[in-house]
Amino acid sequence: MNFEVVQAYRAPLDQVAAAFADPELYARMADLPKVGSPEVLRHETDGTDVHLEVRMRFTGDLSAAVKAVIDPAKLSWVEVADHDLPAHQVSFVLRPDHYRDRFSCHGSYSFTADGDQTIRTVRGELNVRVLLARGQVERAIVSGLREHFELEAPVVEAFVNGK
């Protein structure tokens with residue numbers, strides 16, 4: 001399933017792009033619903049390129065159909081992201097801690113200026129390999145991404161404005 005999620009931030013382009021490459025941002029996302037406290041596993045900087053690996057855990061509710069094929073306690077993954085700060089581009093892969101044979105997701109996001117806002121456009125491909133409810137599971141995950149991005153926007157804005 002291909003997906004696209006667009007999110008606006010009321011903050012300058014360079015600062016928003018840099019915030020997503022800063023491990024301190026993820027510590028501030030600990031109180032967001034549905035995703036447990038992000039854990040930064042790796043952070044490497046090489047000039048204007050940043051490699052970041054962050055473990056996330058899904059803590060929200062799932063439908064009975066989804067729980068029939070996925071154990072909610074095993075919904076954790078590492079987002080491996082490579083940030084090109086001057087280009088305002090990020091490539092990412094989500095590596096599940098469990099269900100590697102049934103889940104894959106990769107993509108990119110870009111940041112663009114729109115007046116006094118920054119727009120983050122996330123494009124990716126998500127594949128869930130289960131016999132039943134595949135589409136339902138994929139739609140639930142993408143819906144959760146959209147909701148998470150919406151909830152994280154004020155955290156990102158406060159982080160940028162507090163720096």
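**View 1. E39 and R55 face each other across two strands.** In strand β3, R55 is the bridge partner of E39. Helices and strands here are DSSP runs (H or I, at least four residues, for helices; E, at least two, for strands), numbered from the N terminus. The model is a predicted one: local features need pLDDT of at least 70, side-chain atom pairs count only at pLDDT 80 or more, and totals for chains, interfaces and linings use all residues. Residues are numbered from 1 along each chain as its sequence is written, and side-chain values use heavy atoms, with hydrogens and water left out.

The side chains of R55 and E39 also meet in a salt bridge, at 3.9 Å from N to O. R55 belongs to strand β3 and E39 to strand β2, so this pair ties together parts that are 16 residues apart in sequence. A salt bridge here is a side-chain nitrogen of Lys or Arg within 4 Å of a carboxyl oxygen of Asp or Glu. R55 is buried, with a relative accessible area of 19%, while E39 counts as partly exposed at 36%. For these words, buried means under 20% relative accessible area, exposed means over 50%, and partly exposed is in between (1.4 Å probe, protein chains only).

View 2. β2 and β3 pair in the antiparallel sense over 7 bridges; two strands pair if DSSP finds at least two bridges between them. Their hairpin has 2 residues between the strands, and G47 there takes a positive phi near 70 degrees. β3 is also joined to strand β4 (residues 76-84) by 9 bridges, again running antiparallel. Look for H51, which stands opposite D82 in β4. Of the 9 residues in β3 (residues 49-57), 7 are buried, so the strand is largely enclosed by the rest of the structure.

**View 3. Four Asp residues make a negative surface patch.** The patch is formed by D46, D49, D82 and D84. Patches take residues with over 30% relative accessible area and no salt bridge, joining like charges within 9 Å and nonpolar side chains (Val, Leu, Ile, Met, Phe, Trp, Tyr) within 5 Å. D46 sits in strand β2 (residues 39-46) and, at 60% relative accessibility, counts as exposed.

View 4. Side chains of opposite charge can pair when their charged atoms come close. The structure's salt bridge count comes to 8. In one of them, R42 joins E44, with the closest N and O atoms 2.8 Å apart. Both partners are partly exposed: R42 at 35% relative accessibility, and E44 at 38%. Elsewhere, the side chains of E152 and R120 meet at 2.4 Å, N to O. E152 lies in helix α4 (residues 134-162) and R120 in strand β7 (residues 117-128), so the pair ties together parts that are 32 residues apart in sequence. E152 is buried, and R120 is too.

View 5. H88 has phi near 55 degrees, a positive value in a residue other than glycine. You'll find H88 in the loop between β4 and β5 (89-96), buried at 13% relative accessible area. Y99 has phi near 60 degrees, also positive in a residue other than glycine. Y99 lies in the loop between β5 and β6 (103-114), and with a relative accessible area of 17% Y99 is buried.

Notes. Accessible areas come from the Shrake-Rupley method with a 1.4 Å probe; for residues, only the protein chains shown count as cover. Lys and Arg count as positive and Asp and Glu as negative; His and the chain ends are not counted. The place of a charge is taken as NZ of Lys, CZ of Arg, CG of Asp or CD of Glu.
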